[in-house]
Amino acid sequence: MYKHPLLQKLNLLQKIILISSILIAICFWSNLTLDINPFGTKWAYPFFILYLSIILTDKKKYWKSYKWEFSTIVIWTIFTVFLSFIPAYIDWGQSIFTSIAASIKWTWVLLLYFVLRKWNISTNVIMKYIIIISTIWVIIEIGQQFTFPTYWFAGSPNKDYGIAQRMGLYRFYIWGVDFVMLAYAYCLGKFASHKKTISKKLLVLSIVFLIGLLSYCSRKHIYISLAAIGYAGLMLKNKYRFYVWTLFIIIFIFFFYNFYNEFTEMNQTAVESQGEGEDFIRFLSLKYFLFDFSDSPLYFLLGSGIPGDSKLWEITNFLKENFGFYREDIGIFGYYSLFGIIGTSAILFYLWTFLKNWKYIDLWLKIFFLMKVLLIVFDFWAMWNVGNMAYAIFLYMLDLNIQKNKRQRTEI
C-alpha cells in the first residue's frame, strides 16, 4: 500500500517564491504604479527559468512513485500552447521566436504545479497565504469605495469615462478574483463540512469573501457566489444546520432587499438587444471567432496561436477597438480560438478526470470546481495568468486530496 510522505512547511526562500509568484500574477492587486500586464508579464521569463531549475534539480523519487491524476493534463496544456506556433507561423506569418516568447508568458504559471509537488507542501500552508492575499484584496475593493475618486488599484479603468459604476458601487476590476473564489470555496466548504461544531472563524471568513465577491459587481460572480452557498447548504451535515440555513437565508434576504433594484438595472442594461449590451456583443464575438475569424484547416485543430508582433496581433487588436470582440469575453470558446480543439482537449480531459474522482474529493474543492465550471463560457480561467496560476495551485491541492481520500478508503 502506497503511503505519501509527510507534507512539509515552506522555508523562507519558498515563501518568497510562492508569494511573489501570486502577487505578480494578480499584478499586486492591480497596482496602477507597477502597471503589470495580466496577460503576459515580462516577469514570466525569469520565473519560467526559476521554476524549471527547481523542477529539474529534483532528487526525490516520491513524486514519481504515485500516479498523480492531473500531471498529464498540465503537461498537455503547456505542450498545446507551445504547439500553436504552427498556425501562427503558417496562417499569419508570425515568427516562431515571437510565438515561443508568447507561450512562455502564457504557461509559466502552470509550472507552479510541479514546483509545489517538488516542495511537497501541505494544503493548509498554501491556503494560509491565499487567504491573507484574498483578505487584502477584499479590503482594497471595499476601501476604495470610500476613497474614490482617489484610488491606487484598478484592473482596467476606462480611459474615457473613468471607473464604471454598478449597483451603486465603483467597479475597479481588481485582478485576483480567482484566488478570492478559491479562498471563499475553502472557507465555505470547510465550514459546511464540520459535523459537530460551528467554526466561527470559517464563518466570518466566508462572509468576508462573499462580500468581496459581491462588491466585485460582476453579475456572473454574484450568481455563482450565491449558488455556492446553496450547494454548501445542501451538503451541510452539521447538527446546527437549521441555524446555519437561517443565517444563509438572512444573508440572501439582506442582499435581495438592499441591491435588488440596482442589480435589476445593471442586468437590464447588459442584455440590451440593440447591439450595445455586453451580452449581445458577447454573442456576436462568439459567432465571429467560431465561424468567421479564419477558414484555415489549422484553425479547428490548433487555433490561431497567441497574437504577437504580427498580422495576427493587428487583426485581433482591430476587432477589439472597432467591434468590442474580445476572446476573453467568450470563455472556453475564446481559448478554442487560440489553441483549437487539440488545446481545448486538455480542459475537457481535466473536467472528465475531476468527475471520475468525484467521490474522493472534499466539498470545498467541489465548490470551487462548480463555480469555475459555471463561469467557463464567460470568464474562463485559462485566458489570463492569474486564472492559470489559481488553476495550477488548485490542481496540486486537488491531487493531494484525492491521494489522501483514496488512501483512507484503502486503509478502511
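**Figure 1. Packing of helix α4 against helix α5 in the predicted model.** Helix α4 (residues 71-83) packs on helix α5 (residues 85-92) at an angle of about 15°, and their axes lie 5 Å apart; helices are DSSP runs of H or I of at least four residues, strands are runs of E of at least two, and both are numbered from the N terminus. Axes are lines fitted to C-alpha atoms over the stretch in contact, with angles running from 0 to 180 degrees between N-to-C directions. The angle makes α4 roughly parallel to α5 (under 35 degrees). V81, F82 and L83 of α4 meet F85, I86 and P87 of α5, contact meaning heavy atoms within 4.5 Å.

**Figure 2. The largest nonpolar core.** This core has 124 residues, and those with the most contacts inside it are Y350, M389, I393 and F394. A nonpolar core is a set of buried Ala, Val, Leu, Ile, Met, Phe, Trp, Tyr and Cys residues joined through side-chain atoms within 4.5 Å, where buried means under 20% relative accessible area with a 1.4 Å probe, protein chains only. Beyond its neighbours within four places in sequence, I393 is in contact with I22, L112, L116, I126, I130 and F179.

**Figure 3. A separate core of 11 residues.** Among the residues of this core are I281, Y288, F289 and F293. Of the 412 residues of the protein chain, 55% count as buried.

Residues are numbered from 1 along each chain as its sequence is written. In this predicted model, local features need pLDDT of at least 70 and side-chain atom pairs count only at pLDDT 80 or more, while totals for chains, interfaces and linings use all residues, and side-chain values use heavy atoms, with hydrogens and water left out.

How values were computed
Angles under 35 degrees count as roughly parallel, over 145 as roughly antiparallel, 65 to 115 as roughly perpendicular and the rest as oblique. Buried means under 20% relative accessible area, exposed over 50%, partly exposed in between (1.4 Å probe, protein chains only).
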